[in-house]
Amino acid sequence: MAAAKNSLEGRRRATDDPLWAKVLVIGTVMAFLALVLILPLAAVFAEALRKGLDAALLAINNADALAAVKLTLITAAIAVPFNAAFGLCASWAIAKHDFKGKALLITLIDLPFSVSPVVAGLIYVLIFGLQGWFGDYLVDNDIKIIFAVPGIVLATVFVTFPFVARELIPLMQEQGTAEEEAAVSMGASGLTTFWRVTAPNVRWGLMYGVLLCNARAMGEFGAVSVVSGHIRGLTNTMPLHVEILYNEYDFVGAFAVAALLCLLAVVTLVLKTALEVVQPGNSGFGRGRGGH
Amino acid sequence: MWRARTLDDDQTMTAETAARRPPAPPSKRPLFRRRSAIPGFGLTMGVTLTVLSLIVLIPLSAVVLKAAQQSPAEFWAVATSQRSLAAYRLSFGAAFVAAVINGVFGVLTAWALVRYDFPGKTLVNALVDLPFALPTAVAGIALATLYSPNGWVGQFLTPLGIKAAYNPVGVTIALIFIGLPFVVRTIEPVLRDAAEDVEEAAASLGANRIDTILRIVLPALAPAWLTGFAMAFARGVGEYGSVIFIAGNMPYKSEIAPLLIIIQLEQFEYARAATIAVVMLTVSFTMLLIINAIQAWARRFD
């Protein structure tokens with residue numbers, strides 16, 4: 001860059017915008033992002049600390065809040081590995097083989113992104129709820145899915161379903177099949193080929209998908225809200241706990257738990273930025289669809 | 001390339017496939033898939049289809065079947081009741097306005113990130129994804145507090161006679177927050193790949209910078225812009241968590257369609273809830289088809 005500038009001896013290139021235009025664009029963008037993104041983030045911490053750090057910590061360090069944290073961690077610990085395994089499976093079948101209907105299959109895997117979270121919760125109520133398909137069977141056998149942890153996990157799996165797959169499919173397609181074919185032709189088994197050839201190639205993409213999947217799994221609200229039943233200490237995840245406290249006008253409590261979720265978001269963004277440095281060209285969520 | 005081709009052909013010489021595909025020209029496509037040297041297709045495809053059906057497809061069909069239990073007249077009455085229509089109008093209207101605003105500022109943000117160097121660029125780049133990483137309920141209570149009449153921003157809007165929170169304006173503000181990264185992240189890679197030499201050519205032929213941007217750069221961005229717009233719109237229509245805290249949730253006035261589903265559910269009106277869900281799913285899938293069509297149209301020019 002510096003060399004190019006020197007060789008032009010300070011002459012402006014045709015694609016360089018004048019300084020006033022740069023300042024105007026960057027200024028507008030900064031002001032917009034400050035208003036839309038930074039202000040809400042700052043408001044969460046300001047409201048959480050309104051009555052001091054001790055009050056905020058007290059709101060987090062009580063039985064109901066800790067139960068919510070625990071349930072959120074359990075839900076993510078099931079949903080994320082499940083979707084990661086599915087993503088690996090689907091991308092192996094789709095990217096490493098050639099078959100008809102591939103575009104349709106990819107669209108179907110992407111489907112949960114186009115469904116409102118509330119509808120995602122509703123579908124499981126219609127199947128496992130009291131009046132649902134399996135309602136009588138579940139009551140007779142004393143199995144609870146809706147208004148219990150399994151329903152929360154199911155709804156979370158649905159809304160985070162495409163994250164890993166959509167990250168891995170285009171990545172594996174770009175890498176082609178030559179390396180795997182070479183390994184197989186030299187006698188490696190399918191599993192060995194996957195672990196020794198494919199996995200090292202896609203590990204950063206996999207981590208990227210897992211990271212986004214995890215952020216959504218821990219933060220999901222709408223779908224989980226429909227199937228949870230909001231039983232304190234039992235079926236409340238952290239976002240649902242935030243809602244309950246907020247609706248009870250316990251603003252310090254609500255924003256203290258919200259601040260904890262903000263930290264999760266910040267950690268996610270830091271790791272995501274680090275992954276983009278490790279694997280350049282990974283320009284965010286639009287990867288599969290961005291129209292390369 | 002050549003190496004891969006021979007391996008492929010070797011594989012076709014196994015007894016089973018050789019019988020199905022006699023010495024036909026190798027370019028002829030088989031019925032379902034071309035055999036490849038890489039194993040595991042049956043297993044991974046089987047798992048993929050099973051899990052996809054159990055988690056996504058069969059449950060989604062439940063909502064359609066539930067709605068179909070009603071007579072067409074009942075379905076139509078619920079789907080087009082005054083309250084439902086008001087909710088669609090708000091959800092679709094607010095999502096559209098928010099997507100338009102994101103369309104403008106999203107292009108500017110992507111332009112600044114791709115074309116300019118400025119201090120804090122890495123931070124800005126990371127921050128753009130905040131709406132993907134921040135739980136929607138957190139965004140919801142933060143925005144409701146900011147824009148309430150005595151909030152940080154709301155206190156300046158009230159004297160101007162603007163009621164932001166607990167009003168359709170508030171719904172739009174929440175959807176701007178949710179939709180921004182969709183627009184930025186779809187435009188960014190296209191802008192990065194766009195050849196600057198075309199712009200240089202335009203300039204050397206005498207076009208001024210404004211003309212170049214309006215007639216060369218923006219038309220090239222149009223498919224990505226439309227895709228980002230459609231994705232932000234689709235997400236906004238279904239959004240729930242960030243909206244309900246700021247919306248006010250007054251029937252006919254500031255009640256979004258997803259909330260209407262929850263209200264019907266709480267009254268155990270499952271068929272009615274499913275009806276509104278079917279209307280929303282129809283719109284979502286139409287949006288998905290439009291997005292795919294735009295992408296196919298954009299690839300035509302590659």
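A residue counts as buried if 20 or more other C-beta atoms lie within 10 Å of its own. Keep that cut-off in hand for the first stop. The model on screen is predicted.

**Stop 1: Asn125(B)**

Select Asn125(B). This residue sits in helix 6 of chain B, residues 121-127. Is Asn125(B) buried or exposed? Asn125(B) has 20 other C-beta atoms within 10 Å, so it is buried. In sequence, Asn125(B) and Arg185(B) are 60 residues apart. In space, their C-alpha atoms are 10.0 Å apart.

**Stop 2: chain B as a whole**

Colour by secondary structure and look for 15 helices and 1 strand. The chain has 302 residues, and 42% of them are buried. Next, consider the contacts in chain B with a separation of 6 or more: 76% of these join residues 24 or more positions apart.

**Stop 3: helices 12 and 15 of chain B**

Select residues 209-238 of chain B for helix 12, then residues 270-299 of chain B for helix 15. Their axes are 9 Å apart, and the packing angle is about 170°. Angles over 145 degrees count as roughly antiparallel, and therefore helix 12 of chain B and helix 15 of chain B are roughly antiparallel to each other. Their crossing is left-handed.

Show side chains where the two helices meet. On helix 12 of chain B, pick out residues including Pro223(B), Leu226(B), Met231(B), Phe233(B) and Val237(B). On helix 15 of chain B, the contact residues include Met280(B), Met287(B), Ile291(B), Gln295(B) and Trp297(B). Colour this helix-helix contact by residue class. It divides into 15 nonpolar, 4 polar and no charged residues.

**Stop 4**

Move to chain A. Its C-alpha trace spans about 75 × 60 × 30 Å along the principal axes. There are 14 helices and 1 strand in chain A. Of its 292 residues, 48% are buried. In chain A, residues 24 or more positions apart supply 76% of the contacts with a separation of 6 or more.

Where they touch, domain 1 of chain A supplies 5 residues and domain 2 of chain A supplies 8 residues. The domain 1 side of that contact divides into 4 nonpolar, no polar and 1 charged.

**Stop 4: the contact between chains A and B**

Show both chains. How many residues does the contact take from each chain? Chain A gives 84 residues and chain B gives 94 residues. On the chain A side, select helix 2, residues 19-48; with 15 residues, this helix makes up the largest share of that side. The whole chain A side divides into 53 nonpolar, 20 polar and 11 charged residues.

**Stop 6**

Zoom in on the side chains. From helix 6 of chain A come Val118(A), Val119(A), Leu122(A) and Val125(A). From helix 14 of chain B come Pro258(B), Ile261(B), Ile262(B) and Leu265(B). The residues of this contact divide into 8 nonpolar, no polar and no charged.

Note on methods. Residues are numbered from 1 along each chain as its sequence is written. Chains are lettered from A and ligands numbered from 1 in the order in which they are written. This is a predicted model: local features need pLDDT of at least 70, side-chain atom pairs count only at pLDDT 80 or more; totals for chains, interfaces and linings use all residues. Two residues are in contact if their C-beta atoms, placed from the backbone, lie within 7 Å. Helices (H or I, at least four residues) and strands (E, at least two) are DSSP runs, numbered from the N terminus. Ala, Val, Leu, Ile, Met, Phe, Trp, Tyr, Cys and Pro count as nonpolar, Asp, Glu, Lys and Arg as charged, and the others, Gly among them, as polar. Axes are lines fitted to C-alpha atoms, for helices over the stretch in contact, and angles run from 0 to 180 degrees between N-to-C directions. Angles under 35 degrees count as roughly parallel, over 145 as roughly antiparallel, 65 to 115 as roughly perpendicular and the rest as oblique. A crossing is left-handed if the near helix is turned anticlockwise from the far one by less than a right angle, and right-handed if clockwise. A residue is buried if 20 or more other C-beta atoms lie within 10 Å of its own, exposed if 12 or fewer, and partly exposed in between; C-beta atoms are placed from the backbone.
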